[in-house]
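Here are a few notes to go with the structure you are about to open. Take them in any order you like.

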Amino acid sequence: MNVQAKHSSGAATAEEAIALQEALPPLTNEDATAVAMQNTLLTPRFYTTDFDEMDKIDVTPVREDWDKLIAQMVSDPNKGHFKKNADWDEVDWDGMEPKLKREFIDFLISSCTAEFSGCVLYKEMKRRGSNPDITQLFQLMARDEARHAGFINDALREAGIAVNLGFLTQSKKYTYFRPKFIYYATYLSEKIGYARYITIFRHLEKHPEHRFHPIFKWFEEWCNDEFSHGEAFALLLKTDPKLTQSFSNKLWIKFFLTAVYSTMYVRDHQRPEFHKALGVDPDWYAHEVFTKTSVLTGQIYPLMLDIEHPRWQKNLERMQVANVQIANAKKAGGIGGFIGKTLGSAKAAFAFVSLYTIPAIKHDVPQETLMKPAY
Ligand SMILES: [Fe+2]
Ligand SMILES: [Fe+2]
């Protein structure tokens, strides 16, 4: 009997991985699921799109690279990887400093939701489509994301917590995005996901004393999965040059880059203890991740954000301060809370416009397509 198939890490499909996770005790934790259910600008969302339009993509212009990438994903180098083994050191949840524990659990829930968000979108595309190229790709990506989400849930279970993935699928609100926005947002989130995981992994290779939880040991193979997913979206974007070359689409690309980078900055700065425990300055980390992501997305996007511009860091910080103001005002409630929230939102919007209007760095996109993880 195949022992691996009993765990989500060895599942061949997303459906199987979710079912295996659902079968594990404890089945759910209401608090964790409630956090995963939140829909704010800063929490991971679930997306839906025009699946029929996506099903019509013709990958003929990128066929050679497409077949290479799919063959690599079918070979499934990470099958069985996302599972606790002898490298999984025991975690002293009770001895963990309470603030760190709270932030780390928040990080795990948010990461699990983000992984699962990819899974539900990809799984749905595979279910609705009839184009063999597209459905095959999305089934492979859904498989990977279900394993990732399952593995994070395994880590949460040790703290007596689990996100109810089945419940989330049915009950979380779905945000509609046109297919081209799905490509921009998902391509970017896969690449930034890669950059985030690899930056932490490389940092902890140099400073193992800061590895306060074993899950970070799994980040290298993890980020390779995200890298491949990003490459797949790069190829999808390449099937239609208009998507990256027309004037209005360039403005959209810049919008998504600015939104994703600034959201990451604000979200990470909500977890100071977590970053302190990792021995990472969140400003340094953000700069590293943006630099790597810009180089990687420069493969497809004809522009990069100028993160060295004097307005860049200043307005990220403004946005962060505005976000704290909004959170405090929400907690306070009443008229004062309402005014605080309105002022905070206006400040955040102003900071965003200020970031968005920094002139982008334009460049020529290289001809070669498939990249290898280089960091
Ligand atoms: Fe993932
Ligand atoms: Fe991914």
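1. Helix α11 (residues 247-268) and helix α13 (residues 282-297) have axes that come within 10 Å and cross at roughly 155°. That makes α11 roughly antiparallel to α13, a label for angles over 145 degrees. Axes here are lines fitted to C-alpha atoms over the stretch in contact, with angles from 0 to 180 degrees between N-to-C directions. Helices are DSSP runs (H or I, at least four residues), numbered from the N terminus.

2. Who meets whom? On the α11 side, Y261, M264, Y265 and D268 meet P282, Y285, A286 and F290 of α13; contact means C-beta atoms, placed from the backbone, within 7 Å. By class, that is seven nonpolar, no polar and one charged (Asp, Glu, Lys and Arg count as charged; Ala, Val, Leu, Ile, Met, Phe, Trp, Tyr, Cys and Pro as nonpolar; the others as polar).

3. Have a look at D76, in the loop between α4 (63-75) and α5 (98-128). Its phi is near 55°, a positive value in a residue other than glycine.

4. The protein splits into domain 1 (4-301) and domain 2 (306-365), with bounds from an automatic or database domain assignment. Their C-alpha centres lie 25 Å apart. In the contact, 12 residues of domain 1 touch 11 of domain 2, and α11 gives the most to the domain 1 side, with six residues.

5. Housekeeping: this is a predicted model, where local features need pLDDT of at least 70, side-chain atom pairs count only at pLDDT 80 or more, and totals for chains, interfaces and linings use all residues. Residues are numbered from 1 along each chain as its sequence is written, while chains are lettered from A and ligands numbered from 1 in the order in which they are written.

Note on methods:
Helix = DSSP H or I, 4+ residues; strand = E, 2+ residues; numbered from the N terminus. Parallel < 35°, antiparallel > 145°, perpendicular 65-115°, else oblique. Contact = placed C-beta atoms within 7 Å.
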